[in-house]
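Hi,

Here is the structure I promised to pass on. Have a look at it first, and then read my notes below.

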Amino acid sequence: QNKYKSSKYQEGIMKFFIKKLITLIITLLLISFLTFTAFSVIPGDAALTRLGEDATEEQIEKSKKEMSHLEEILGAPATIDSLCRDILKHYEENRQHELTGKAMIVAYSRTIAMSIYHKILELRPDWGEKVKVVMTGSNKDPEEWHDIIGNKQYKKELAKRFKDDNDPMKIAIVVDMWLTGFDVPSLATMYVYKPMSGHNLMQAI
């Protein structure tokens, strides 16, 4: 019986994620209030908990480990291409002229953040000063990442630029940095491409 419940739970998880990805990435389901737009394309941990109400802790942990390959799905070239095209379409048609056009893209991981950055520049080659990546660096990072991520001083400079309404830097791609304790009054749009819910989501917003 436990084996059946575990299999049923895992099947439910996969169907849930696939349905969410297809529906939310393509249709750009938006949560809007006042002049701020938060767009989330991945369900949070609470959704996983609800799905596992009838499963044991061991089954839930096992399923979460099996879902570790989610990054492969979210970071697939075709998925990133579709995501970036949808974000650009929405931004240019609806948010580019909202307040000062400041927007943030919250990526699922550092690797996906870089993929989003490269894809946006591929689609908009002249946006080199408009889009920047803000995330922690590592000595193990690929060589090409270093110039994009920069050092601590460079990140401080980007923070200053992003808060400047007149600066050409309009879009920041982040992973964990700048989600809390970083105030940008003119930030009008947030595209969330990672699980966020409850307190963490509210703090970021």
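Where is Trp 178 found? Trp 178 sits in the loop between β5 (171–174) and β6 (187–192); helices (H or I, at least four residues) and strands (E, at least two) are DSSP runs, numbered from the N terminus. Its phi is near 70°, a positive value in a residue other than glycine. For background, most residues other than glycine have a negative phi. Trp 178 also counts as buried, because its relative accessibility is 11% (buried means under 20% relative accessible area, exposed over 50%, partly exposed in between, with a 1.4 Å probe and protein chains only).

Before you go further, two notes on the numbers. This is a predicted model, where local features need pLDDT of at least 70, side-chain atom pairs count only at pLDDT 80 or more, and totals for chains, interfaces and linings use all residues. Residues are numbered from 1 along each chain as its sequence is written, and side-chain values use heavy atoms, with hydrogens and water left out.

Now the overall picture. The protein has nine helices and six strands. It has 205 residues, and 44% of them count as buried. Take the contacts (heavy atoms within 4.5 Å) with a separation of 6 or more: residues 24 or more positions apart account for 74% of them.

Next, a pair of helices. Two packed helices are described by the angle between their axes and the distance between the axes. Helix α5 (residues 77–95) packs against α6 at an angle of about 60°, and their axes are 9 Å apart (axes are lines fitted to C-alpha atoms, for helices over the stretch in contact, and angles run from 0 to 180 degrees between N-to-C directions). That makes α5 and α6 oblique to each other: angles under 35 degrees count as roughly parallel, over 145 as roughly antiparallel, 65 to 115 as roughly perpendicular and the rest as oblique. On the α5 side, Ile 80, Asp 81, Leu 83, Cys 84, Arg 85 and Leu 88 make the contact, and they meet Ile 112, Ser 115, Ile 116, Lys 119, Ile 120 and Leu 123 in α6. By class, this contact has eight nonpolar, one polar and three charged residues (Ala, Val, Leu, Ile, Met, Phe, Trp, Tyr, Cys and Pro count as nonpolar, Asp, Glu, Lys and Arg as charged, and the others, Gly among them, as polar).

On to the salt bridges. Side chains of opposite charge can pair when their charged atoms come close. With a salt bridge taken as a side-chain nitrogen of Lys or Arg within 4 Å of a carboxyl oxygen of Asp or Glu, the count comes to 10.

One of them joins Asp 141 and Arg 110, at 2.6 Å from N to O. This pair links distant parts of the chain, 31 residues apart: Asp 141 is in the loop between β4 (131–134) and α7 (143–149), and Arg 110 is in helix α6 (residues 110–123). Asp 141 is buried at 9% relative accessibility, while Arg 110 is partly exposed at 24%.

Another pairs Lys 119 with Glu 122, with the closest N and O atoms 3.1 Å apart. Both are in helix α6, three residues apart, so about one helical turn separates them. Lys 119 is buried at 15%, but Glu 122 is exposed at 52%.

Glu 129 is partly exposed at 44%, and Lys 132 is buried at 10%. Elsewhere, salt bridges that share partners join Asp 81, Arg 85, Lys 119 and Glu 122 into one network.

Cheers
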